[in-house]
Amino acid sequence: MCGENWMKEDHGKLMLQWLLPFGIAVIVVLIMFFNFSVKIKKEAADTVEDKFEEVAEKYALKVNGDIQGICLVGETAAQVISQQNPADRKNIQLLLASIADNTEIYEVIYCDKDGNAIDHLGNRIDLEENNYIEKLEKDPNINYLIEKKDMITGTASIIIGVPVEETGGSILLFYPLKRLKEITEMSGEFNDSAFLTIISAEGDIFQAEDRASSFLKGNNIWANVDKEYQNDTSKARVRMQNNKTGSFITRASEEMRTLVYTPIGVEDWVLLIGVDQSYVEHRQEAIFSKSIRRLYQLLGVTFLFVALIAAVNYVGKIRSAERNKTLQEKADTDLLTGLNNKLATERKIKEYMAQNQDKLGMLFLIDIDNFKKINDTMGHAFGDEVLRSLGKQIGVNFRVTDIIGRVGGDEFMIFLKDLQKDEIVLREAKKLEYFFKHFEVGEYVKYSATASIGAAVFPEHGNDFESLYKSADQAVYKAKKRGKNQIAFFDDRDRKQ
């Protein structure tokens with residue numbers, strides 16, 4: 001029972017030694033996990049943002065490439081016309097027809113320095129009413145003019161003006177805005193609610209898809225943004241004017257979107273994609289969940305590894321503690337009787353006294369009567385048998401928590417713990433005296449071995465081991481003086497009853 005209590009206490013200490021640092025480690029890991037979660041969430045948002053911006057830049061590159069291709073055609077045509085006779089309108093018309101047939105433009109017009117103009121079919125065109133040439137002549141280089149419904153084709157167009165320097169004339173190329181929709185098809189890139197539009201840095205809408213969106217109402221997209229989001233909008237507009245790519249969250253009426261913008265590389269035009277915010281959050285959550293799952297797996301493997309190491313170490317500690325206990329028990333045990341030896345007996349009594357100064361206890365010091373005579377007359381082997389038998393039998397009369405030990409050749413010591421009252425002191429003394437009155441040794445020839453016993457009460461007769469032992473030793477002397485084979489108390493209380 002004592003061993004079981006020790007094991008429970010020792011196991012409890014070992015559990016505490018491991019659980020405390022393990023608990024701290026768990027708290028640290030949870031804090032780190034929270035920080036990682038926040039970081040992963042931000043990284044997920046950044047990843048989605050980068051992906052959207054990458055897609056927008058891809059579309060802008062397509063638009064730029066298509067428009068620059070038309071410009072290159074116009075420049076080549078201007079060089080050809082420069083080398084021809086300006087009066088040879090037939091060749092010019094054939095050149096214009098070739099451009100119209102082999103490119104995506106709707107119409108191409110040549111206008112000489114006198115304002116005379118023909119289209120790709122050779123028809124004369126009156127440009128005075130629409131004033132395209134004057135609008136384009138603001139810059140001597142290639143110019144771009146947005147017309148939501150031009151007078152020539154009747155459609156929304158980008159009019160590209162290319163000067164013919166040798167003749168003083170100009171070539172006008174009518175590039176349909178709906179062409180931009182074809183080359184910026186967003187299938188597979190965003191959900192169906194996303195829109196794409198071409199705007200100026202000031203927010204003027206040049207071209208928009210046929211989608212019902214609060215952002216695309218009217219002529220200027222910034223005019224549709226709710227007031228509380230105007231600050232972010234202003235920052236984005238500055239970035240657009242500086243030809244930067246970026247994105248920001250904003251709202252028009254009850255419609256929340258992430259607007260992704262990037263310069264096209266033509267004038268101050270900006271390609272703008274409006275992605276529904278629920279779709280953005282869905283994409284972010286998908287990336288976040290994937291990363292979190294990996295983090296969970298990593299944490300699971302880590303905790304499993306730590307738990308395995310802890311379990312191995314715990315089992316190792318337990319086994320080591322059990323081995324140490326076994327070795328301690330062997331070191332504490334008297335080999336002949338199986339009781340505590342002298343050092344163990346004294347140590348355990350001292351430990352009890354130090355921890356229980358106010359509790360009642362009693363020390364018996366037992367001296368086998370005439371033990372030398374037993375050895376001399378019956379042999380040392382029989383003497384050993386007396387001691388061995390005494391060690392086996394005496395423990396039956398006391399509790400497992402009491403301390404019983406052999407402290408000399410024929411001297412034994414018993415310390416009774418936690419006695420409730422003084423009446424128990426005399427009762428336990430009489431029980432021990434009765435034991436020796438009936439103690440016999442020998443299998444075939446019975447021998448009655450007697451003992452002189454001294455009793456001292458803790459803490460009355462000594463509040464430390466040395467003083468209590470001295471009191472018990474004096475009581476043994478009294479018992480021997482009175483004729484042996486009896487018990488005597490230090491204070492003679494047994495004779496005062």
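Colleague: What makes strand 13 and strand 14 (residues 411–419) a pair?

Modeller: Strand 13 and strand 14 run antiparallel and are joined by 4 bridges. Two strands pair if DSSP finds at least two bridges between them, so these two qualify. Ile403 has Phe415 in strand 14 as its bridge partner. This is a predicted model: local features need pLDDT of at least 70, side-chain atom pairs count only at pLDDT 80 or more, and totals for chains, interfaces and linings use all residues. Residues are numbered from 1 along each chain as its sequence is written, and side-chain values use heavy atoms, without hydrogens and water.

Colleague: Why do strand 13 (403–406) and strand 18 (486–489) stand at the edges?

Modeller: The open sheet has 5 strands in the order 13-14-12-17-18, with mixed pairing. Strand 13 and strand 18 each have a single partner strand, so one side of each lacks a neighbour in the sheet. Strands here are DSSP runs of E, at least two residues; helices are runs of H or I, at least four; both are numbered from the N terminus.

Colleague: Why is Phe52 called buried?

Modeller: Buried means under 20% relative accessible area (1.4 Å probe, protein chains only), with exposed over 50% and partly exposed in between. Phe52 is at 1% relative accessibility, so Phe52 counts as buried. Phe52 belongs to helix 1 (residues 2–82).

Colleague: Which residues does Phe52 touch, not counting those up to four places away in sequence?

Modeller: Contact means heavy atoms within 4.5 Å. By that rule Phe52 touches Phe190, Val260, Val275, Tyr279, Val280 and Arg283. Leu259 is 207 residues from Phe52 in sequence, but their C-alpha atoms are 9.5 Å apart.
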